[in-house]
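Here is a short briefing to read alongside the model.

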Amino acid sequence: MRIRLVVAYVGTSYMGWQVQAERFAMQTIQGQLEHALGLLAAAPVRVHGSGRTDSGVHAEGQVAHCDFPEARFAKLKDMRHALNAMLPDDIRVFVAEPCAQTFHARFSAHAKTYRYQFWMERGFVPPRLKPYVWCCGPLDVARMREALPHLQGEHDFVCFANAGTKGMENTVRTLSELVLRETVVWQGCAPMLELFVTGSGFLKQMVRNMAGLLAEIGRNRVEPGAVPRLLQARSRKLLPAPTAPAAGLTLMQVSYPAGLS
């Protein structure tokens with residue numbers, strides 16, 4: 001039987017979602033889940049995620065699926081509770097339930113939403129936020145917002161793709177929504193800035209490269225109107241911005257057609 005999982009994790013201590021080599025499997029989210037599921041199933045279990053998250057990147061709504069022995073599932077009172085009892089504290093399963101055999105966490109998905117958090121106060125970060133933000137200092141948010149319409153819609157985003165992107169022959173993606181929100185964390189401090197990006201798919205480190213460019217725009221080093229030219233240049237080497245740190249990025253949600261979510 002097929003099981004759908006919704007997983008949250010703090011990616012700080014992990015080498016990303018995907019198992020790259022078996023000797024490092026337990027240093028990945030996928031490896032930790034497969035280990036726990038294998039113990040419950042008394043057999044190897046392969047977990048398929050909606051997509052990879054890189055080393056240090058977090059998730060609040062990663063979706064995955066696996067095929068699990070029906071007889072073993074029937075003996076479990078609560079599969080979610082059983083999994084969470086076996087997983088490290090920085091990985092938690094919110095949903096573990098049977099789904100249609102045709103459901104595929106990656107191929108059935110039609111949109112994902114990522115959040116990137118910028119900490120704009122100069123000199124310090126609240127301890128509870130430190131693992132989840134980029135301490136970048138003051139930014140001109142109005143200038144950053146000017147750039148967002150240039151990124152929305154269907155574009156070739158190859159200039160935002162770092163080396164290692166699979167399927168580089170097709171680098172066209174559609175971003176349906178980009179939003180910047182300012183949140184007051186503590187009175188008297190600069191607000192935290194949150195970038196929410198929703199799209200049909202993403203290239204390797206695409207959101208982090210977009211965050212890096214937006215930060216350069218917010219620092220008055222790049223003009224908001226330069227974005228179309230950079231997209232047309234189709235070269236990561238010509239993008240005048242570093243890749244933003246992994247700590248600020250979280251996979252928030254994966255969306256599916258009705259009946260498959």
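A residue is called buried under 20% relative accessible area, exposed over 50%, and partly exposed in between, using a 1.4 Å probe and protein chains only. By that scale arginine 46 is partly exposed, with a relative accessible area of 44%. This is a predicted model, in which local features need pLDDT of at least 70 and side-chain atom pairs count only at pLDDT 80 or more, while totals for chains, interfaces and linings use all residues. Residues are numbered from 1 along each chain as its sequence is written, and side-chain values use heavy atoms, leaving out hydrogens and water. Helices (H or I, at least four residues) and strands (E, at least two) are DSSP runs numbered from the N terminus.

**Helix H4**

- Helix H4 spans residues 141-151, and its buried residues are Val141, Arg143, Met144, Ala147, Leu148 and Leu151.
- Seen down the axis of H4, these buried residues fall within an arc of 155 degrees, so they line one face of the helix; the arc is that of the directions from the helix axis to the C-beta atoms.
- The cover over the buried residues of H4 includes strands E5 (111-119), E7 (153-156), E8 (172-183) and E9 (192-199), along with helices H5 (206-218) and H6 (227-233).
- At the N-terminal end, aspartate 140 caps H4, with a side-chain oxygen 3.2 Å from the backbone nitrogen of alanine 142.
- After H4 comes glycine 153, whose phi is positive, near 100 degrees.

- In E9, 8 of the 8 residues are buried, so the strand is largely enclosed by the rest of the structure.
- Met192, Glu194, Phe196 and Thr198 point one way from E9, while Leu193, Leu195, Val197 and Gly199 point the other way.
- Phenylalanine 118 has leucine 193 as its bridge partner in E9.
- E8 and E9 also run antiparallel, joined by 8 bridges, and glutamate 177 has threonine 198 as its bridge partner in E9.

**Salt bridges**

- The model has 12 salt bridges, each being a side-chain nitrogen of Lys or Arg within 4 Å of a carboxyl oxygen of Asp or Glu.
- Arginine 46 and glutamate 34 form one of them, with their closest N and O atoms 3.0 Å apart.
- This pair links distant parts of the chain, 12 residues apart: arginine 46 is in the loop between helix H1 (29-41) and strand E2 (47-49), and glutamate 34 is in helix H1.
- Glutamate 34 is buried, with a relative accessible area of 14%.
- Arginine 143 and glutamate 223 meet in a salt bridge at 3.7 Å, N to O.
- Here the partners are 80 residues apart, arginine 143 in helix H4 and glutamate 223 in the loop between H5 and H6.
- Arginine 143 counts as buried, at 13% relative accessibility.
- Arginine 219 and glutamate 216 form another salt bridge, with the closest N and O atoms 3.1 Å apart.
- In that pair, arginine 219 is partly exposed at 24%, whereas glutamate 216 counts as buried at 8%.

**Nonpolar cores**

- A nonpolar core is a set of buried Ala, Val, Leu, Ile, Met, Phe, Trp, Tyr and Cys residues joined through side-chain atoms within 4.5 Å.
- In the largest one, of 75 residues, Leu5, Leu37, Leu83, Phe118, Phe160 and Leu213 touch the most other members.
- H5 gives the most to this core, with 8 residues.
- Apart from it lies another core of 5 residues, among them Val125, Leu129, Val133 and Met192.

**Threonine 53**

- Threonine 53 lies in the loop between E2 and strand E3 (58-67), and counts as buried at 5% relative accessibility.
- Leaving out residues up to four places away in sequence, threonine 53 touches Tyr9, Gly16, Trp17, His58, Gln62 and Leu251, contact meaning heavy atoms within 4.5 Å.

**Positive phi**

- Alanine 42, which is not a glycine, has a positive phi of about 60 degrees; alanine 42 sits in the loop between H1 and E2.
- Arginine 234 has a positive phi near 55 degrees, and lies in the loop between H6 and strand E10 (249-255).

Methods: A polar contact is a pair of N or O atoms within 3.5 Å; within protein, one must be able to donate a hydrogen and the other to accept it, and residues adjacent in sequence count only if both atoms are side-chain atoms. Two strands pair if DSSP finds at least two bridges between them.
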